Amino acid sequence: MNFYNPENEIVPRNGYSLVVGIPGRISGCENQNEISLEDQVDHAKDVAYEMYNGEIEFRTIVTKGKGEHLDRPELREIENWIESDELDFLIVEDLGRIVRGLEAHRLCGIAVDHGTRVLSVNDDIDTNHPDWEVRSVDACKEHVRHNEHTSRRIKQKKMNRFKKRGAATPCPIAGYIKPDGAQTFSDWSKDVNVAGYIKEGLQILRRTLNGATVADYFNAVEFPPGPYCRKKNWDGTMVLSYYRNPILKGLPQRGKKHTVKQHKTGRRTSVPNPKGPVFRAEPHLAFFSTEEIDPVLEAIAKKNAHFRRKKNQNGVDTRYQVPRKRTRAFGQHATCYYCGGHYVWGGNGITDNLMCSNSREWRCWNSIGFNGPKAAQKLLDVILKSLSSLEGIDVQFLEIIRQIQAGAPDNILARENELNKVEEEIERESHNIKKLIRESVDAKVDTALLYEMMSELSERKKKLSQDRLTLVHAKSRQLDLPESVLKLKEILLHHLEDVDIHSHEYGDLIRELVPEIYVYQVRLIDGGHLLPRAKIRLNLAGSIPDATTFPELQQLLSREMTLDLFEPPQRDLIRPEAARLAAAGLDQRKIASQLECKPTQTAVSNALKLHQQVLEQGLTSPYVLLEEPPDDYKKLRRHKNPKYSFQAKEGYQRPLL
């Protein structure tokens, strides 16, 4: 198709320069080079210059990402480009550079609706041509077909090579040696130096049916995990996964899992293959016979069967296809004050309790859990109470909104510059970490720590991507901010009314309204149990997307609070009233009879002793912060275990309480 037609004169819609949007994308695979992105942009620019001789303003979006993914921020940015009614042209090499599938056809339709002409050079598509819709659908179909055929061809080829020659080998696990350049399992060999450890580990597993016991043995004899394992020490889960690998029986497998496309996002998730894996006999790799190891694995499966995830009364797994990071309130959100680890459900074997994840790994002494549903209800009460105090800031709120509306462009530009600096910092740190990983082969570098740092960096990139998407929304439309404190209260009450504190939706809302939760331990000055308390930062603007662009608004609507995640002991609960009655001259028996909860005389005596200690020490509260595990508390013994080694999260600094 000849894109240039002298009969149709090109006139810039702004009257002085042609505005051309150029999306470019590569998948980011190992063999792809970023130069390809430059080639795509240059190609589109050449097309634009051939069509128009005047001034041209180019706007580019170049990214790395899979073409099937529909939740990429740049797709929303392209759509906002189009809907801004500023673009004259949108030029791409082919529609697959935007996205693979009919989503590209939809974007072309939106462009036509907004007067933007789309040119897809290699697909021979021009939306000025009458048959552009047919061509667009055909091009989308071809891109999807090419992707699907390529995927099938690669899978079939690798499976065929595995069946015929034992090729397409995976990364080796502990106990195996894969020489450089090895192409098949025939090139692999067993590591005879560790065969004794592996066999002894199975004997321990046969006696105890406990992977953690074998892990202790492996760590004690310094049997290292596989070279590609991120953890440097064994744990029970790793041990059981290791012995379940059929390669230990000389039966390497392929096809245990396959990917399934989630059409809502375009992403693919790995799920068990219903057809099951394909095995290949490689006797020289066997540490055990089938008769030796299978009975042990069957006994473990039978023992642990009741730990499997339960289904509801309709036989449905409520967590099926739900991301692990999407949990109820506090799960993977609350942070341990001492080590920086996040809290997880199932603390100390109690379903509704949460505990520090680092404590599970013997890297933090804070193993005291708290009840999640009760804490969620307390937090909901705190949020609702905070809403009632908003009237006092109405004047300040209105002034900030007025300033934001008046200086929105400048505020957005400042925020954009701030995000650019964050992006530069992330890229610099990423480059340094990758360099250290490459050098770790020759130098003694903790690779597990490096991978953990990369994981944290990945989370920061996701946060940056979300912030940029919010900024794009703010640039392309009028800001959606509540015009008054009363309107803000209405929005929040709408979110909170009839909310189920056990739901994932409540957990999502809490992450917006309470971005920081630090859990620490306190104790009464006269001793007793350790009690969890939390420092929280409440951000009432958290559920308003556009508010995240303006720090002054967030600062006005933020509060720092203390939330008790425990029920006060009886002696503290009755202390104020017991002290008042004692000051009036009543003895302990009469005090006990007049108190509503009807405590014993001993309880009243303990309450008065506690009150006396508070007065003597000049305290305002009978609770004291614990910085270290107390020696006189016999129930907290995790830090006494030989496996214990306190390790705070990399880069974590304790906040001020």
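What covers the buried residues of helix 5 includes helix 6 (211-220), helix 7 (236-243) and helix 8. The model is predicted, with local features needing pLDDT of at least 70 and side-chain atom pairs counting only at pLDDT 80 or more, while totals for chains, interfaces and linings use all residues. Residues are numbered from 1 along each chain as its sequence is written, and side-chain values use heavy atoms, with hydrogens and water left out.

The buried residues of helix 5 are Ala 195, Ile 198, Gly 201, Leu 202, Ile 204 and Leu 205, where buried means under 20% relative accessible area with a 1.4 Å probe and protein chains only. An α-helix has 3.6 residues a turn, so residues three or four places apart point the same way. After helix 5 comes Leu 209, whose phi is positive, near 55 degrees.

The axes of helix 5 (residues 195-208) and helix 8 (residues 290-303) come within 10 Å and cross at roughly 40 degrees, the axes being lines fitted to C-alpha atoms over the stretch in contact, with angles from 0 to 180 degrees between N-to-C directions. On the helix 5 side, the contact (heavy atoms within 4.5 Å) is made by Leu 202, Leu 205, Arg 206 and Thr 208, and on the helix 8 side by Glu 292, Ile 293, Val 296, Ile 300 and Lys 303.

Elsewhere, Asp 572 is found in helix 17 (residues 570-573), and at 10% relative accessibility this residue counts as buried. Leaving aside neighbours within four places in sequence, Asp 572 is in contact with Leu 524, Leu 610, Pro 622 and Tyr 623.

Conventions. Helix = DSSP H or I, 4+ residues; strand = E, 2+ residues; numbered from the N terminus. Buried < 20%, exposed > 50% of the residue type's maximum accessible area, 1.4 Å probe, protein only.
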